[in-house]
Amino acid sequence: MRPILLQGHERSITQIKYNRDGDLLFSTAKDHVVCAWYSVNGERLGTYQGHQGALWTVDVNPTTTLLATGAADNTIRLWEVKTGRCLKTWDFPTAVKRVEFSDDGTLLLGVTEMRMGYLGTVVVFPINPDIEATQAAEPLFTITMSGSKATVAAWSYLNKYIITGHEDGSVGQYDGKSGELIQDVQAHEPDFLITDLQMAPDRTYFITASKDKTAKILSVDNLKVLKTYVTDTPLNTATITAKKDFVILGGGQEARDVTTTSSRQGKFEARFYHKIFESEIGRVKGHFGPLNTVACHPKGVGYASGGEDGYVRVHHFDKPYFDFMFEVEKMASAQRQLQ
Amino acid sequence: MPAIQRAAQPVDWAEDEDYEDSSALPGQQIISNADGTKTVITYRLEDGKKIKTTRKIRTTVVKEHVNPRVAERREWAKFGKEQGNVRGPDISTTTIGENMLFKPSMNWKANQKEEVQSGTDMKTQLKDKKVACRICKSDHFTARCPYKDTLPPMDDIAGTTTASDDVAAPDMNEVGGSRYIAPHLRKGAAGAGDKLGGASRDFGGRERDDLATLRVTNVSELAEEADLRDMFERFGRVTRVFLAKDRETGRSKGFAFVSYAERSDAAKACERMDGHGFGHLILRVEFAKRAA
C-alpha cells in the first residue's frame, strides 16, 4: 500500500469527504481553502476560495454538482463543484461546525456553535439541485439546543431523522421534517465530547467517535448502542468501511497535551477494527499529528485520513486487506460454497 | 509477398544493389497460431551474422468499465489555485508516500513486533550467512563452542598466515573494501585477537587484568589519554589507559578502558568517577566485561 500525500493545505485538516462515486475527494483545513482532488492519483482539481475563516466542514451532494462548506467566518457557502464558483452564502451569528446533505440532496443541515450568548443550533435548508437556481435564504426550520450544544449531526435514511452528537457525550434524535426532539441517549461518557458522527452507507446505523477513547455504533431508529470499540487514545474521527465489515478510527494525543502526559507515543495511527467482532485488526501509521478526520471510499477500495499535521493521506487497499477474514467468516464462506 | 511486390515495382538503382545482395534479410513473418497466439519471426544482422528471432505473442484485450460520470469529471478544467495548470498530479501538492505493508490480522500486535525484529538490516542481511565456529568449525558462535575451554582455535594450530586467511576468507568475500573488518580478520593481522584471547586462557583461572579494568563511556571527543590518566590516577596506580580513537580523524570515539594495578582502587574509581563531569559530558564508568 503506497499512500498518496496531499499537501495542498497549510494548516490542520478538519474534514475530508469522498463524493458518491468515490472519484473526487474534498478536504477542508483551517487555512480558509477547500481543495478538490482526484482520489485515484491525488491530482488537485481545484480550490474553492472565498471563506474568511478556518473551515470546519465540507459535504458534497449526491450528484457531485454542489458543495457545501461551513467555516469559522460564520457562514455556510454553497459552491459549484465543477468551477469553484460560490453560489450562495448563508450568514449565522456563530461558527458552523458541520454541514451535511441529505441522502437525496434536497436538504442541507448545518450545525452552529454555541458562543457569544447564542445557543447552538441545527439549521435545515432546502436545496434546489439546479446550479443556476436561486437557493432559499431562510431555513426550513431551526432546532435550538437548550442543553449541551451539538457538535456533529447527520441525516438518517429517507431524511426521517436528524441525529446529533453533543458536547456532553449524548446523542439526540430529531424528527427530520419538523425538528422535534424524539429522544436523547447518553451514548458516551458524560462530559466527553462527541467528535465525529458518520452514517453507514445505508444510513440505518452510524458510528460516533468520542474523546472518551471509544467509538460506538448506534442504531438510527432507537439509538441503541450496537457495538463499542475501545481504544487507548482520545478519538477524533470514525468511519465505517464499505465492502468489508471494518471501521476505521482515528485520533491521538492532542498537541497541547503532549507535554502533560507521560506516554511517549502520540498514537497517531489509523486503527482498523472489525465492525462485528469489535477487535482491532491493524493500524496504519504515517501522520505525525493526531488524525482529525478519516473517510472511506464509498466503494470500499481505499480510505483517506487528514491530520493535525496538515496532510491528507489517500490509501488504496491491497489484496491482503480484501482477503482478510476471521476464522468464523472463512468457515461460513466455505459452507456457502459447498451448498 | 513483400518481396514480389518490390520486384514488380521500378526499383531505384541505389536500392537495387542492396536488393541483389545475397545476404539480404528475409522480411518479417507473422504466423497466427491455433491457440490464439501469434508467432513473429524477424531477422537481423549482428557482427556479420544473421540472427533469427522468434517471438510468440499473446494479445489480450483488457476492458475497463468507467463510470461515465467519473469519466466526464476527469475532463474537467482546473480552477481556483490550480487554474490553467496542465493535467496530471503536481509534485508541489501531491507526492507518493513510502510503501507500507498493511495486512489486517487477528494478532496484529504480535506480528508487528516480529516485523520490527526481523526488519533490522543486519539480521536480514546475515540471514543466509553461515556461522562457523573458529574452534571446531561447526555452525555456532565461537563463544558458544563446547570445546571453548579445552581446545585452542584452529587457526592457532595451523600456520598463522594461512589460518588468518582462512578465517578472513568467508567474511572478505562478502564484505566490500570500505566496510569495517574486525582487526583479527584483517590480512596480516595474524589472528592477533585470537592469540590474545588464547594467551589469557593460559593464565589459568586468573584473569589478566580484566578484574581491575574500568570501561569509561561517554568520553568527550576532544579527550586525550593523558587527561584520562590524570583523572584516574587519583585513585591508585593506573597500569594502562586505552582510549579508542578514530583511525582517520584521530579523535576519541567516546569510550576508553582504564586498568588499575589493584582492584580495590578500580572499585573506588568506579564509584567516584561514575557520573563525573568531564568536558561537557558526564562520564559513565563501569567494570569492563570480559570479552567473550
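**Exercise 1. Which residues does K17(A) touch, not counting residues up to four places away in sequence? Then decide whether K17(A) is buried or exposed.**

Solution. One thing to keep in mind: this is a predicted model.

- Step 1: Find the residue. K17(A) sits in strand β2 of chain A.
- Step 2: List the partners. With residues up to four places away in sequence left out, K17(A) touches L24(A), L25(A), F26(A), V58(A), D59(A), V99(A) and E100(A).
- Step 3: Look at the side chains. That of K17(A) makes a polar contact of 3.2 Å with the side chain of D59(A).
- Step 4: Check accessibility. The relative accessibility of K17(A) is 16%, and buried means under 20%, so K17(A) counts as buried.

**Exercise 2. Work out where D23(A) lies and which residues of chain B it is in contact with.**

Solution. 

- Step 1: D23(A) belongs to the loop between β2 (13-18) and β3 (24-29) of chain A.
- Step 2: Gather the contacts. Leaving aside neighbours within four places in sequence, D23(A) is in contact with W37(A), Y38(A) and S39(A) in chain A, and with V70(B) and R73(B) in chain B.
- Step 3: Pick out the polar one. The side chains of D23(A) and R73(B) are joined by a polar contact of 2.9 Å.
- Step 4: Buried or exposed? D23(A) has a relative accessibility of 8%, so it counts as buried.

**Exercise 3. Describe the interface of chain A and chain B: how many residues are in contact, and how much area is buried?**

Solution. 

- Step 1: Count residues. Chain A brings 44 residues into contact with 33 residues of chain B.
- Step 2: Take the area. Between them the two chains bury about 3500 Å², with 57% of it on carbon and sulfur atoms.
- Step 3: Turn to the polar side. There are 23 residue pairs in polar contact across this interface, both residues at pLDDT 80 or more.
- Step 4: See who contributes. On the side of chain A that touches chain B, the elements giving two or more residues are β1 (4-6), β4 (34-38), β5 (44-48), β25 (280-284) and α1 (319-323) of chain A.
- Step 5: Sort that side by type. Its residues divide into 21 nonpolar, 13 polar and 10 charged.
- Step 6: The interface holds 6 of them. In one salt bridge, K78(B) and E43(A) meet through their side chains at 3.0 Å, N to O.

**Exercise 4. Find the strand of chain B that bridges join to β1(A), and say which way the two run.**

Solution. 

- Step 1: Name the pair. β1(A) is joined by 3 bridges to strand β4 (residues 94-96) of chain B.
- Step 2: Opposite L5(A) stands T95(B), in β4(B).

**Exercise 5. Trace the hairpin that β16(A) and β17(A) form.**

Solution. 

- Step 1: Mark the strands. β16 (residues 171-175) and β17 (residues 181-185) of chain A pair in the antiparallel sense over 4 bridges.
- Step 2: Pick a facing pair. Q173(A) stands opposite Q183(A) in β17(A).

Definitions and conventions: Residues numbered from 1 in each chain as written. Chains lettered and ligands numbered in written order. Predicted model: local features only at pLDDT ≥ 70, side-chain atom pairs only at ≥ 80, totals over all residues. Heavy atoms only, no water. Contact = heavy atoms within 4.5 Å. Buried area = accessible area lost by both parts, 1.4 Å probe. Salt bridge = Lys/Arg side-chain N within 4 Å of Asp/Glu carboxyl O. Polar contact = N/O pair within 3.5 Å; in protein donor to acceptor, adjacent residues only side chain to side chain. Nonpolar A, V, L, I, M, F, W, Y, C, P; charged D, E, K, R; others polar. Pairing = 2+ DSSP bridges. Buried < 20%, exposed > 50% of the residue type's maximum accessible area, 1.4 Å probe, protein only.
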